[in-house]
Each structure stands twice: as C-alpha cells, then as structure tokens.
Amino acid sequence: MHHPENDDQYKGLTVNAGVKEAPTVNPYTTFRRKKRLLTVEEYVRGIREGDVSILGQAVTLVESNLDSDQEIAQKVIEACLPYSGNSVRLGITGVPGAGKSTFIEALGTELAENGKKLAVLAIDPSSERSKGSILGDKTRMQELSSAKNAFIRPSPSAGSLGGVARKTRETIVLCEAAGYDTVFVETVGVGQSETAAHSMVDFFLLLQVTGTGDELQGIKRGIMEMADGIAINKCDGTNRDKARVAKAQFKNALMLFPPSESGWIPDVTTCSAIEKTGIWDVWHMVEDYIEYTKKTGYFDLKRTRQAKYWMQETINNTLLRHFYGNEQIAARLQEAEQKVLENKVSSFTAANQLLNDYFKGLEN
C-alpha cells in the first residue's frame with residue numbers, strides 16, 4: 001500500500017507498511033472430518049465382524065430419539081435378528097452397596113480369561129433435576145473394560161425406564177449378532193427396573209449383602225420370587241459367619257414361596273467379589289439352570305413370552321409418544337391441566353376428554 005507521507009515533500013516522515021493481518025484461526029489447528037453415515041449393510045457387516053467401534057455406533061443409533069436414527073436402527077436390528085439368541089443372558093440386581101459392579105468385574109474377568117466373549121449392559125440412574133447420568137461403569141470396571149473380548153455399555157435411564165429397557169433388549173440382539181456369548185444386564189438397584197430386566201434375561205441373580213441388620217427385611221417379596229438364584233456377596237474377613245447365617249435364612253425364606261413355573265428350585269450361595277472366592281459357584285448355578293430349563297423346554301418358552309411382552313411394550317410406548325406428540329393434544333393439554341388444578345374437572349374426566357379428542361382426530 002502507498003502512503004503519501006513517504007513522498008519526498010514530507011522528508012523526515014516514514015510510515016511503515018505494517019504487519020500482515022494474522023489469521024483468525026490457528027493454522028496449526030486440525031479439524032476432524034465429520035464421520036460418514038454408515039449404511040444398514042455396513043452396520044450389519046461391521047457388527048458381524050466384531051468391530052467394537054461399529055457396534056458402539058449401532059447402539060448409539062438404537063438409543064437415539066430421532067425418527068431418522070430409529071428408522072435405520074430398526075432395519076439394523078431386523079437384519080441382525082437371524083444371528084441373535086445364542087447367548088446366556090444374565091440379569092443382576094441387588095440393594096445399593098451390594099457390590100454389583102465389583103461382582104460383575106470379578107465374574108466377567110474370569111469368564112473372559114476362560115474364552116467367553118462378554119457384553120455388560122448397565123442401566124445407570126439419571127438425575128431427576130439435570131437428567132444427567134454419570135455412566136461410570138467403565139470406570140468402576142477398569143480390569144474388565146481393558147479385556148479384549150469384553151464390551152461394556154452403560155445407558156442412562158433418563159427418567160424413562162421402559163424406553164431404556166426396550167433399547168437395552170435391542171442392544172442384546174446387536175451384541176449377540178457380534179458374537180458375544182454371554183450378556184450381563186445390570187439394573188440400577190432394587191425397585192421398578194427389576195421387572196423390566198427380568199423380562200429380557202434367562203437367569204435373574206439377586207445379589208445380597210449381610211451385616212446390614214435384618215437381611216430379609218431389605219428385600220421385597222416380589223424380587224425374591226423373581227430370583228432364580230441368590231448370591232450373598234462380601235463373604236470375607238469378619239463377615240464370613242454372618243454370610244453363612246444369612247445363607248440359611250434365605251434358604252428357609254425361599255422354601256415358603258410357591259414353586260416356580262419352570263420347576264427350578266432357586267439356590268443360595270456365598271461369594272466375595274473382592275477376594276474372588278465363590279465366583280465360580282455362582283456361574284455353575286447359572287449353567288445348571290440353563291441346562292435344566294433347556295431340557296424341560298422352559299428356556300425356549302420363556303424367550304418366546306419375552307418376545308411377545310416386548311412387542312406389546314413397544315406398542316404401548318409408541319402410542320404414548322404419538323399421543324403427546326399430537327399437535328392438537330399438545331395445545332389442549334395445558335388447558336386441561338389448569339382445569340384439574342382449579343378443581344373444575346376431575347383428573348379422570350380431563351384424561352377421557354383428551355383421549356376422545358385424540359381418537360376423533362385419528363378418525364378424521
């Protein structure tokens with residue numbers, strides 16, 4: 001650029017050309033290219049070949065609430081269905097502090113070292129305020145997460161247990177198609193999630209601890225009736241005698257329950273996830289159950305019922321989402337809620353009016 005101040009008539013004055021303007025973006029910064037969206041065929045091929053990265057992407061797709069993602073996810077699941085069903089599905093529940101994650105790592109590590117291919121699917125509780133989840137299972141299971149033939153996937157409950165449970169069941173299909181012969185489903189603890197977990201696994205293990213007062217009082221009867229086996233964890237140190245007493249108590253309690261439909265008599269054993277003692281006793285219990293139910297035909301009957309149950313649950317969830325996603329209902333919902341709050345109409349009347357409007361809209 002020419003500066004007139006540099007002309008001969010202005011002797012003694014010099015204006016420098018200045019510094020070249022610096023770039024607004026650091027030239028050393030590297031940008032990641034956006035990942036190319038995979039086709040259904042590429043997802044299925046990657047899953048079948050045991051590509052953990054593609055399996056993780058497929059699970060993310062299943063967990064997505066976007067309609068476009070769900071459309072692809074369902075096609076992937078349909079394509080993987082013929083390759084699924086060849087695993088042992090183990091559900092694990094227990095009171096908070098029972099050591100579920102430690103137990104899963106102890107048993108999972110032993111299984112992985114003995115040639116099993118293991119997938120761990122954990123439902124993590126979400127905050128009611130922030131809706132966030134820690135998803136810390138990989139952190140807690142450091143040894144197992146580093147195993148070559150182990151896949152750990154935590155999923156947030158996000159306040160919608162039914163939806164997460166459905167997605168967990170679909171994730172089981174993907175994991176089985178990827179060649180995982182053992183699938184663990186860990187619940188958030190004793191409560192509502194147990195029914196959902198029980199409806200997607202072959203063997204339901206109740207993990208219990210002793211030394212917390214009246215052991216039997218801390219477990220609901222419904223959970224005890226669902227359990228196919230009980231393992232009393234933390235049977236180590238000064239807790240060994242208490243664990244043996246608790247074992248006898250649980251065995252006596254189970255005798256009071258009516259016999260299960262499968263004919264299987266639940267057993268009780270003790271173990272220590274920290275010391276890794278009694279771990280194989282738990283797994284032998286699972287193997288005995290699988291062998292027994294396959295001989296009687298109950299194994300296949302249970303899986304058939306589970307498939308029917310999840311078909312009905314999918315219908316219920318879809319209808320619920322469609323109802324609240326309806327524009328006319330969304331416009332009237334707040335008005336109806338206000339009338340209920342002001343005691344102008346009952347909750348049941350308001351609900352029936354909204355449902356009638358919804359079904360009339362479908363007819364039109």
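Predicted model: local features only at pLDDT ≥ 70, side-chain atom pairs only at ≥ 80, totals over all residues.
**Reading the labels on this model**

Q: What makes H12 and H14 neighbours, and which residues meet?

A: On the H12 side, Leu319, His322 and Phe323 meet Leu354, Leu355, Tyr358 and Leu362 of H14, contact being heavy atoms within 4.5 Å.

Q: How do you know how far H12 reaches against what is expected?

A: H12 has 28 residues, and from first C-alpha to last it reaches 40 Å, close to the 40 Å expected. That expectation is 1.5 Å times one less than the number of residues.

Q: Why is strand E1 called largely enclosed?

A: Count its residues: 6 of the 7 in E1 (residues 88-94) are buried, so the rest of the structure largely encloses this strand. Buried is under 20% relative accessible area (1.4 Å probe, protein chains only), exposed over 50%, and partly exposed in between. Across the protein, 43% of the 364 residues count as buried.

Q: What makes E4 and E5 partners of E1?

A: Pairing takes at least two DSSP bridges. E1 has 5 bridges with E4 (residues 182-186), in the parallel sense, and 5 with E5 (residues 203-208), also parallel. So both strands qualify as partners of E1. Leu90 stands opposite Phe184 in E4, while Thr93 has Leu206 of E5 as its bridge partner.

Q: Why does Lys100 count as buried?

A: Lys100 has 9% relative accessibility, so it falls on the buried side of the cut-off. Lys100 sits in helix H4 (residues 100-113), and its C-alpha is 8.9 Å from that of Asn233, which is 133 residues away along the chain.

Q: What makes something a helix or strand here, and how many are there?

A: They're DSSP runs numbered from the N terminus: H or I over at least four residues for helices, E over at least two for strands. The protein comes to 14 helices and 7 strands.

Key. Residues numbered from 1 in each chain as written. Heavy atoms only, no water.
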